[in-house]
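Please open the structure in your viewer and keep the selection tool at hand. The tour visits a ligand and then a pair of helices.

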Amino acid sequence: MTVKMEMNLDTQVRDAQELARIQVQSGLSIIIPTYREAENIPLILQRIDKLRQEQNLTLEVLFMDDDSRDGSVEAVERAGFDWARIVVRTSDRGLSQAVIDGFTRAQYPVLICVDCDLSHPVEAIPQMVLALATGQQFVLGSRYVSGGSTDDDWGIFRYINSRVATLLARPLTQVRDPMSGFFALRREDFNTSDPLNPVGYKVALELIVKCHFDNVAEVPIHFSDRQHGESKLTLREQLKYIKHLRRLYIHKFANAMYFLQFLVVGASGVVVNLATLTLMLLAGFPNAACLAGGIATSVVSNFLLNRRFTFSYAREGNIWKQFIGFVSVSSLGMAVNYAVALGVLKSSVGAMPLGLHLSALVGIASGMIFNYIGNRYVIFRKTHIR
Ligand SMILES: Nc1nc2c(ncn2[C@@H]2O[C@H](COP(=O)(O)OP(=O)(O)OP(=O)(O)O)[C@@H](O)[C@H]2O)c(=O)[nH]1
Ligand SMILES: [Mg+2]
């Protein structure tokens with residue numbers, strides 16, 4: 001459920017504000033991932049300090065820096081705030097890893113992640129905490145809900161890129177701006193997340209999926225372009241998004257995803273089968289041998305592709321043992337296919353036009369489902385992972 005926060009001052013909201021005040025007083029941990037942001041550090045600290053004083057906030061700021069060596073450490077020290085510190089990380093680098101590392105080090109019950117480049121208005125934090133206090137599990141600073149905006153000079157490429165990335169995440173979450181790097185959640189919810197394994201930049205998406213958040217609120221923000229320092233969002237980082245999406249899809253739709261990949265491999269097997277059959281026919285082999293050759297090569301290619309992609313978690317297992325298992329299960333599948341096809345043919349379907357083809361298709365589908373179940377739960381079952 002996506003909720004846009006309205007700031008009506010009716011009783012309910014006043015209660016919520018009271019709750020938010022209590023939550024705010026018990027403390028906020030603001031985590032800021034940084035890589036070469038020395039110029040921006042004093043600026044964001046000034047803005048947070050202003051907010052802190054105006055709203056009487058208890059907070060800590062943790063800059064999670066991937067060893068920038070650009071004066072970031074000195075910039076935090078020079079600012080002289082006892083509530084701000086910088087953690088210099090030298091291993092397991094990356095934006096998402098830095099954020100998660102920061103969350104595990106945080107001392108307060110409310111966790112907030114914000115970019116250092118002043119793209120995100122820290123002034124929206126109280127409203128985000130208010131949303132948490134009213135029962136939301138996760139709150140995003142969003143460019144794409146009404147009232148949200150971006151600076152005007154976004155080129156068409158950047159805009160399309162952002163929208164396509166959002167669209168690809170739609171089956172994972174209905175929120176409008178899951179790509180946002182500005183968000184808030186409770187530490188207790190973070191602590192009960194499934195194991196986190198993000199690649200690239202989309203840490204909010206990782207958390208929404210792995211913490212199973214249903215109630216996600218979006219607070220409209222204006223997203224400003226960075227004024228200082230350089231963007232680290234390279235094409236390489238963007239390509240990691242595809243890898244991340246695949247992982248999240250498998251996590252959320254495990255069985256459906258395995259089956260989908262199994263079907264795609266199965267379809268490729270039909271092509272391999274027919275291609276082999278045709279080549280053998282051209283080379284002058286008899287029909288029966290061509291059929292057998294087609295089946296044999298497709299069984300091998302299906303096995304290799306399923307092992308590499310569909311059931312990639314079992315890649316470490318003994319390949320020969322798996323191959324023998326795969327062939328045994330496939331042969332049973334072929335028998336199922338044949339028996340079902342014969343059965344259907346004998347029923348009233350057999351008398352229909354194209355009855356033979358229909359019977360064969362039902363047989364193939366039955367054989368495939370049988371094969372899938374056998375492979376998923378017997379041959380490539382998860383205990384094969386070391
Ligand atoms: N610790 C750490 N922080 C990073 C890394 N890459 C980027 N960041 C920080 O993550 C935040 C977002 O990075 P940006 O480069 O601004 O990426 P972006 O906001 O998606 O792209 P722009 O809109 O072009 O700025 C910034 O505060 C960066 O300093 C990284 O590898 N490690
Ligand atoms: Mg940025």
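A polar contact is a pair of N or O atoms within 3.5 Å; within protein, one must be able to donate a hydrogen and the other to accept it, and residues adjacent in sequence count only if both atoms are side-chain atoms. This is a predicted model, in which local features need pLDDT of at least 70, side-chain atom pairs count only at pLDDT 80 or more, and totals for chains, interfaces and linings use all residues. Residues are numbered from 1 along each chain as its sequence is written, chains are lettered from A and ligands numbered from 1 in the order in which they are written, and side-chain values use heavy atoms, with hydrogens and water left out.

Select ligand 1 and methionine 64: a backbone N or O atom of this residue lies 3.0 Å from a nitrogen atom of the ligand. Taken alone, ligand 1 exposes 630 Å², and the protein buries 88% of that (areas by the Shrake-Rupley method with a 1.4 Å probe; for residues, only the protein chains shown count as cover).

Now select helices α10 (residues 254-282) and α11 (residues 287-310), which pack at an angle of about 150 degrees with their axes 7 Å apart. Helices (H or I, at least four residues) and strands (E, at least two) are DSSP runs, numbered from the N terminus; axes are lines fitted to C-alpha atoms, for helices over the stretch in contact, and angles run from 0 to 180 degrees between N-to-C directions. Therefore α10 is roughly antiparallel to α11 (angles under 35 degrees count as roughly parallel, over 145 as roughly antiparallel, 65 to 115 as roughly perpendicular and the rest as oblique).
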